[in-house]
Amino acid sequence: MGKKPTYKELEKKIAQLEKEAALRRQEDQEMRLLQFCINHSLDEILWINSEAQLMYVNDAACKALRYSRKELLSMKIGHIDPDFKLENWETRLAELHDVKSHRFETRHRSKDGQIFPVEVVSNFMIFEGQKGCLSIVRDITDRKKAEQAIKDSEAKFRELAEMLPETIFELDLKGRLTFVNKKAFDLFGYTANDFSKGINVIDFVVETDQEKALSNIGRILRGEALGFTEYEVKKKDGTIFIAKFHSSAIIKKGVPVGIRGFLIDVTQEKHIQEILTQSEKRYRRLFEKSKDAILIIRDQNFIDCNQATVDMLGYNTKEQLLLTHPSSLSPPVQPDGKDSYTKANEMMAEAIKNGSHRFEWLHTRSNGSVFPVEVLLTTIPCESGGYEIHTIWRDITERKQAETALHESERHLRAILESNPDPMVVYNLKGYPQYLNPAFTKIFGWNLEELKGAKIPFVPENQKKRSSDLLHQLYSDGNPVSFETERLTKKNRVLDIIVSAAVDKDDNGEPIGMVVNLTDVTSQKKLEMQYKQAQKMEAIGTLAGGIAHDFNNILSGMFGYSQLAQRDIEHPDKVKKHLAQIVKGAKRSANLVQQILTFSRQSEYQKMSLGLHLVVKESIMLLRPSIPATIEIKTDITSKAVVHADPTKMHQLIINLCTNAYHAMSESGGILSISLSEVEISNFKNLKGKKVYPGNYIKLEVTDTGYGMDEKVLDKAFDPYFTTKQIGKGTGFGLSLVHAIVEEHKGILEVHSEPEKGSSFYIFLPIIDKKIHSHNGAKNKNTKIEGTESIMVVDDEEDIRLITKELLENYGYHVYLYENGLDAYRDFVKNPRHFDLIVSDMTMPGMTGDKLASKMLNIRPNLPIILCTGFSENFSEEQAYDIGIKKFFYKPISNTDLVHSMRNILDNI
């Protein structure tokens, strides 16, 4: 065993170990700090070995080159330096060994292919026996851009300097030229080589001005501002000319280092002065030759005038006019009542105050005749002080006569406008009225005074876009427009109006507004509606026989079954069957009445998604009884497509076409064919002047085998009131109505007809869908229909009141009957919460159902109301729902429908 160490030896050993451990920790910390600094350096750091392989890259290199560290360490320097050639690496490394460090610029390429400029500092190193290169790489894209910007700026400055028409120069402190632009070469005749040898600016100045030039250079360097200074200078060939210099000191770091300035060759200026002298002579000639009178006034008297003044006033020489006051050549008083002397002094004072003054004046000729002139006074300051007033007179006798004629013309025009029975408006470009004729005020109620600076508030909301678009078109192409629209009066009455508008232009042809004529066609539209309604009634008359036949058949059946029910009263099963047949007949009657009302109703034009095949079938059912048995009806309904159309209008169209066909075959019989199919129009085309756009169309064809039409009749077939029928056989309005309906629905109408071969009418309407989407699911009727609520029933028909009372009481309801709206409303007001639901008729004496509902809802907004009607021209289902009515029924009403609807409404309050 060895010698056991002493305590001191152990203590010393421990201290030695601790010191070594501390040293290693310090080295480790320094290594981590070094690694942190390298990885967080903004510059790329690369270690490249002797084989050009990347052996180390820091984080900045990965970020700049967009590779991972693993990817970069598998690459050679040529992968990231597009200018690097591997075969030159050994030579470059040897050169770097000699110089130890080398700074240069190259390019690097990132992973995404982007190439950017870099500055590289390469250092030769040997690490663990391996030769290599440590490169620090900096992206110098921004620096390159800045350098390029400086170059571009310098190039722009030089380009601008070369473009300037004046000579630009710079001098050093000794007066030597350090820069001149191209203009200097052209002006002085020197070359760039001459200037490169060094030329002092004093060499350009003639000897007599050199001392002055040196003195001024010193003053400029001391910071004085001299402005333009004039010198005589000489060119290379000895030519002397006068130039104006403007210079300032070049200051750097607060110290003058030279002079910068420019010079102007004033040879041309001197020449211009000569031209001005000649111009003054020409002015004198113009002064004398002018056809306008020209005079010069000083101290309120004429001191000079031209020959035109003498001629205008009828004198012999101008000396007769000089040193006279303007009023002495004028009548005593001017048109405004002021005496000429006082007013002439006022006009001259105005000219002196404002520099010039233009006005009209009356002068007197030597023979005493008075004539009008336009006067322009222009004040010219005199070098010796005071003012001269240059005066121009222009005889405006002819202009005044023209103005008088214009005023007369305007008076005539105003008389025409004011006698026009149509309202007329003249607008400015802002759309503000500038003129309204009396007819406008009479019809619409506004006068011009109350509309000044404002637009006329008479365009209904639903007409604003269309009116705006058409008037924009008017200003765009300049062509007059005419269109039918609606306008409101001051009292908010709606009028049907035809607007005719044209652009109003000034003398230069520029638009300044528009002139609008508004023709009130409200009465005419009412007449047209009456004519259309009359035509409908004509068609109803045509159908009357068939309708009467159907009604008689239905009534006969109902009478028969009623008698059978009375006979079999002891046999409930038989009575039940008879009653079912009576109900069936009543439903057929109601359906027939509804068809007639739908066709004859004078309703508003309202388009909706419509299955045309349903309207065709319904119309044929309505027509069939009224058409003689000698006429066979053939149908071919293959399309169930949907169009955007008004149902009533479509009824009218089909009934009118079929009625027209029936009349054509009334004597000899024939075949009436009605078909509905679909066609596709693939290309845009014009059809009889109407644009037809590509798309899918539904085709309605109505063909007869009647007497047909020749070309002459065919040309007039759609004219209102034209007819080939005998008196009492029709108004002739039917086909014109067909044409109007097709136009309203943006459809196409074609007719083919030959005498004795019949006629075919083809209607094409755009399809909006291939089929009707049903939104009517199965009726959600409660299984429970009984109730104990209090029901108010209002109807002027006693039978209906009693039947309804018995029906509802059978289901447990408390029923209160009223025969008119006034009594019902009176009781309701006494206790609005007493009634749970109201069932009211529409047409009643004293107060109609809709008025009763509105008044009740004003008191109790959520009150459930069911409104029933047999027929109403002025009230629709949509209007009922708008005022808050819960259910709207057309009579007759099924008992089942009524009780189920009541229960649903009451359960969902």
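Student: To start, is tryptophan 393 buried or exposed?

Tutor: Tryptophan 393 is buried, with a relative accessible area of 2%. Please keep in mind that this is a predicted model.

Student: How many aromatic pairs does a search of the whole structure find?

Tutor: The search finds 15 aromatic pairs. In one of them, the rings of phenylalanine 302 and tryptophan 393 have centres 6.0 Å apart and planes at 80 degrees, so the pair is edge-to-face.

Student: And which strands do phenylalanine 302 and tryptophan 393 sit in?

Tutor: Phenylalanine 302 is in strand E12 and tryptophan 393 in strand E15. The two residues are 91 apart, and the pair links distant parts of the chain.

Student: What is the relative accessible area of phenylalanine 302?

Tutor: The value for phenylalanine 302 is 1%, and the residue counts as buried.

Student: In what order do the strands of the open sheet with E12 and E15 come?

Tutor: The order is E12-E11-E15-E14-E13, with antiparallel pairing among these 5 strands.

Student: Which are the edge strands?

Tutor: They are strand E12, residues 301-305, and strand E13, residues 356-364, each of which pairs on one side only. On average, neighbouring strands of this sheet are turned by 35 degrees against each other, direction ignored.

Student: Over how many bridges do E11 and E15 pair?

Tutor: Strand E11 (residues 293-298) and strand E15 (residues 387-395) pair over 5 bridges, in the antiparallel sense. Tryptophan 393 comes back here, as the bridge partner in E15 of alanine 293.

Student: What holds strands of a sheet together in pairs?

Tutor: Strands of a sheet pair through backbone hydrogen bonds, and the arrangement is either parallel or antiparallel.

Student: Which strands does helix H12 lie across?

Tutor: Helix H12, residues 340-354, lies across E11, E13, E14 and E15. Relative to E13, the helix H12 runs at about 160 degrees.

Student: Where does glutamate 388 lie?

Tutor: Glutamate 388 lies in strand E15. With 19% relative accessibility, glutamate 388 counts as buried, because the limit for that label is under 20%.

Student: What does glutamate 388 touch?

Tutor: Leaving aside residues up to four places away in sequence, glutamate 388 touches Ile296, Ile297, Arg298, Ile303, Thr378, Thr379, Ile380 and Cys382.

Student: New topic: which residues of helix H5 are buried?

Tutor: In helix H5, residues 89-99, the residues Trp89, Leu93 and Leu96 are buried. They cover an arc of only 60 degrees around the axis, which puts them on the same side of H5.

Student: Why do residues three or four places apart point the same way in an α-helix?

Tutor: An α-helix has 3.6 residues a turn, so residues with that spacing of three or four places point the same way.

Student: Which residues are exposed on the other side of H5?

Tutor: Glu90, Asp98 and Val99 are exposed there.

Student: What covers the buried residues of H5?

Tutor: The cover includes strand E1 (44-49), strand E3 (101-109), strand E4 (115-127) and strand E5 (130-139). The residue that follows H5 is lysine 100, with a positive phi near 70 degrees.

Student: Moving along, how do strands E18 and E19 pair?

Tutor: Strand E18 (residues 481-488) and strand E19 (residues 494-505) pair in the antiparallel sense over 8 bridges. Phenylalanine 483 has valine 499 in E19 as its bridge partner. The two strands form a hairpin with 5 residues between them, and asparagine 492 in the turn has a positive phi of about 70 degrees.

Student: Over how many bridges does E19 pair with E20?

Tutor: E19 and strand E20 (residues 511-520) pair over 9 bridges, also in the antiparallel sense. Valine 503 stands opposite methionine 514 in E20. This hairpin has 5 residues between the strands, and glycine 509 takes a positive phi near 80 degrees.

Student: Which residues form one aromatic cluster?

Tutor: Phe188, Tyr190, Phe204 and Phe241 do.

Student: Last one: how many helices and strands does the protein have?

Tutor: The protein has 27 helices and 34 strands. Of its 909 residues, 38% count as buried.

Definitions and conventions. Residues are numbered from 1 along each chain as its sequence is written. This is a predicted model: local features need pLDDT of at least 70, side-chain atom pairs count only at pLDDT 80 or more; totals for chains, interfaces and linings use all residues. Side-chain values use heavy atoms; hydrogens and water are left out. Helices (H or I, at least four residues) and strands (E, at least two) are DSSP runs, numbered from the N terminus. Buried means under 20% relative accessible area, exposed over 50%, partly exposed in between (1.4 Å probe, protein chains only). The arc is that of the directions from the helix axis to the C-beta atoms. Contact means heavy atoms within 4.5 Å. Two strands pair if DSSP finds at least two bridges between them. Axes are lines fitted to C-alpha atoms, for helices over the stretch in contact, and angles run from 0 to 180 degrees between N-to-C directions. Rings of Phe, Tyr and Trp (its six-membered ring) pair if their centres lie within 6.5 Å; planes under 30 degrees apart count as stacked, over 60 as edge-to-face and the rest as tilted.
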